[in-house]
Amino acid sequence: MSQDWKTRTKLVHDGIRRSQYGEMAEAIFLTQGFVYPTAESAEARFVKTGDDEFIYARYGNPTTRMFEERIAALEGTEDAFATASGMAAVNGALTSMLRAGDHVVSSRALFGSCLYILEEVLTRYGVRVTFVDGADLDQWRAAVTPETKAVFFESMSNPTLELVDIRSVAEIAHAVGAIVIVDNVFATPIFSRAVEQGADVIVYSTTKHVDGQGRALGGVICGTRDFIRKTVEPYMKHTGGSMSPFTAWMHLNGMATLDLRCRAMADSAAQVAKALEGHPKLSKVIYPGLASHPQHALATAQMGAGGTLVTFDIAAGKDAAFRFMNALEIAKISNNLGDAKTIATHPATTTHQRLPQDQKDALGITPGLIRLSIGLEDASDLIADLLQALEQA
């Protein structure tokens, strides 16, 4: 496909594989296996699989391959591997490349399940992990050594919307030959420019903005062809973390409107953040698109937008936060994000509930903190709903 195509064109047309029937819409191949014309061709395919040849759905599938090619083209990487969930992507990207004795440096502001992989899973198998304040470049410089195999971070942290300077951390990591793995969910594939800023591997939970309608779990690992096919694919196909063809088909359909949806959500998020900033019941409003955000300049340079999430702290604490959430009429209480519906989440008791209090305190996850994922509703309706709910907080 043409590399000159703009984003919206790629989202509609890249990665198309048509059958002999010439179908307009992407076909869904609901098969776990494939027929070989001869025993000799089966032998040859197991020795080396061609670009348009498949062996078993756990290894690859025409529908899944269309999705991988389309998101790789969007992200600007050579290849991609689609996974069963976002956490399968994080686990696969890290575990496929690491061995006992390897060293990883990670930002400490991470989603709870990402922390579990780094704190519990990798260390169980002898991988050394060092955590740093992701926004502090001096801490990255001090922690990364010639023994460091990889660095890992969320480009925008969950839930406090703290940014990591991708370009600067990549320079630190590459100086010692370490691979830069970026969880880019909050930045979205639309606002991300992680590859040109130095990221080697990008992971997404496609459950979020890519699906965008709360239908299916999915994930993807994007990187060089060698990393995807020689490191990630052998690990994923043997451990069973591959995406289902039906999910890939839903994601392909969702991607056609991804750019439109993410930009509309970000526009509404900016309006919501401005409307909430300075509210007497809030101790702070966190949104990278606001000039008051300490990393506003970095967000503008790195993403060109503030993103689709707004976080704010209800000063009176947990009980007031619960009253606020229970009073919402449009926004829904859930723990997902990137949905067409606006979602309110209380991280301290849900997504980050397992963390001890001192760790929550260090990450800024207070009892009154609310993470708001902005959907596709009218911004004025959302603002009215939020303001009336705050009156009851």
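Student: How many of the six residues of strand E9 are buried?
Tutor: This is a predicted model. Strand E9 covers residues 309–314. It is largely enclosed by the rest of the structure, because the number of its residues that are buried is six of the six.

Student: Which residues point one way from E9, and which the other way?
Tutor: Both sets are buried. Val310, Phe312 and Ile314 point one way. The other way point Leu309, Thr311 and Asp313.

Student: In what sense do E9 and strand E12 pair, and over how many bridges?
Tutor: Strand E12 spans residues 369–373. In this pairing, Asp313 stands opposite Leu369 in E12. The sense is antiparallel, over five bridges.

Student: Which residue stands opposite Ile314 in E9?
Tutor: Look at strand E8, residues 282–286. E8 and E9 pair in the antiparallel sense over four bridges. Opposite Ile314 stands Leu282.

Student: Which helices do the buried residues of H10 pack against?
Tutor: Helix H10, residues 245–255, is mostly covered, with eight of its eleven residues buried. Among them are Pro245, Met250 and Leu252. The buried residues of H10 pack against helix H1 (7–13), helix H3 (62–75) and helix H11 (258–276).

Student: Is Leu30 buried or exposed?
Tutor: Leu30 lies in the loop between H1 and helix H2. Its relative accessibility is 64%. The cut-off for exposed is over 50%. Therefore Leu30 counts as exposed.

Student: What is the area of the nonpolar surface patch made by Ile28, Leu30 and Phe246?
Tutor: Leu30 sits in a loop. With Ile28 and Phe246, Leu30 makes a nonpolar surface patch. Its area is about 290 Å².

Notes: Residues are numbered from 1 along each chain as its sequence is written. This is a predicted model: local features need pLDDT of at least 70, side-chain atom pairs count only at pLDDT 80 or more; totals for chains, interfaces and linings use all residues. Side-chain values use heavy atoms; hydrogens and water are left out. Buried means under 20% relative accessible area, exposed over 50%, partly exposed in between (1.4 Å probe, protein chains only). Helices (H or I, at least four residues) and strands (E, at least two) are DSSP runs, numbered from the N terminus. Contact means heavy atoms within 4.5 Å. Two strands pair if DSSP finds at least two bridges between them. Patches are made of residues with over 30% relative accessible area and no salt bridge: like charges are joined within 9 Å, nonpolar side chains (Val, Leu, Ile, Met, Phe, Trp, Tyr) within 5 Å. Accessible areas come from the Shrake-Rupley method with a 1.4 Å probe; for residues, only the protein chains shown count as cover. A salt bridge is a side-chain nitrogen of Lys or Arg within 4 Å of a carboxyl oxygen of Asp or Glu.
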